[in-house]
Amino acid sequence: MTYAPLVPHGDPPRYFTFPSLTALRVAHATTTRHFDGATPFRDPSGPFRLEGTSGLDDAGIDLSRAAYARQMHGAAVAELTGGGFAGEVDVLATKSPGVPLAIFTADCLAVTLYDADARALVLAHVGWRGTVRGAPQSAVAALERVGGRAGRTLATIAPSIGPCCYEVDEPVIGDFAERYPGRWDRWVASAGPGHWMLDLWTANEELLMSAGVARERIETARLCTACNADLLFSYRKGNRGRLVTVAALP
Ligand SMILES: [Zn+2]
């Protein structure tokens, strides 16, 4: 199977990388079900289980230094200079080299923003609620607050649920219509009375572009978690595990 534009690592893959971030020497990864170094978030020792695993050492990521949050499906930001618990936020931003920022998902989008000139990095957790609450715009604003510029940033969107599988109903669409009048209808396809297929990939690409990110600098994996639930974790498919998307500044 081909996963382009993603590069798989391991057989079966333990994690994926984006060639665009690798070319800029950003250590990063999005894990699969075959990565066994993540634990349920409520574990008081933190979300990683490193003993007895190789973690993500081979990706150049030291998970023992990672920053992580209690993700709230909102748009709040934490600016970080070190690892550990970052609070109740969905956007993590840093200017500090070597501090891995970690986002946990199972269908939601993990968005990474990197400005190589400013050496500024942001990771964001974005589902439908985060999209409605402005998480992608908040991620771009966070990048600019730590010295980056939207017009220079590379953006990647990790494997997440696609428009093929993401059926939603009236309450969700009502929130989109209220928040994004005149735009939301481009992000949905009808799935019968009162039901729509929602394309969070296109929605987030367009919202990032509206915030100043160049279209040609947005790289979306377009690998659907629900279509590939045997490889990835999909909440919609009943999986309770989480994929970890992590990146650190060079
Ligand atoms: Zn799908």
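Guide: A crossing counts as right-handed if the near helix is turned clockwise from the far one by less than a right angle, and as left-handed if anticlockwise. Keep that in mind as we look at this predicted model.

Visitor: Which hand does the crossing of H3 and H5 have?

Guide: H3 passes H5 in a right-handed crossing.

Visitor: What else describes two packed helices?

Guide: In general, the angle between their axes and the distance between those axes. Here, helix H3, residues 135–145, packs with helix H5, residues 200–210, at an angle of about 40°, and their axes are 9 Å apart. Because of that angle, H3 is oblique to H5.

Visitor: Which residues of H3 and H5 meet?

Guide: From H3 come Pro136, Gln137 and Val140; from H5 come Asn204, Leu207 and Leu208. Sorted by class, this contact of H3 with H5 has 4 nonpolar and 2 polar residues, and no charged ones.

Visitor: Which residues are buried in H5?

Guide: Leu200, Trp201, Ala203, Asn204, Glu205, Leu207 and Leu208 are buried there. Just after H5, have a look at Gly212, which takes a positive phi of about 115°.

Visitor: Now to the core. Which residues touch the most other members of the largest nonpolar core?

Guide: That core has 82 residues, and the ones touching the most other members are Val91, Leu92, Val122 and Ala139. Strand E10, residues 120–126, gives the most to this core, with 6 residues.

Visitor: What does Leu92 touch?

Guide: Leaving out residues up to four places away in sequence, Leu92 touches Ala67, Ala69, Ala78, Leu80, Ala86, Leu101, Val122 and Leu123.

Technical notes
Residues numbered from 1 in each chain as written. Predicted model: local features only at pLDDT ≥ 70, side-chain atom pairs only at ≥ 80, totals over all residues. Core = buried A, V, L, I, M, F, W, Y, C linked by C-beta atoms within 7 Å. Buried ≥ 20, exposed ≤ 12 C-beta atoms within 10 Å, placed from the backbone. Helix = DSSP H or I, 4+ residues; strand = E, 2+ residues; numbered from the N terminus. Contact = placed C-beta atoms within 7 Å. Axes fitted to C-alpha atoms, helices over the stretch in contact; angles between N-to-C directions. Parallel < 35°, antiparallel > 145°, perpendicular 65-115°, else oblique. Nonpolar A, V, L, I, M, F, W, Y, C, P; charged D, E, K, R; others polar.
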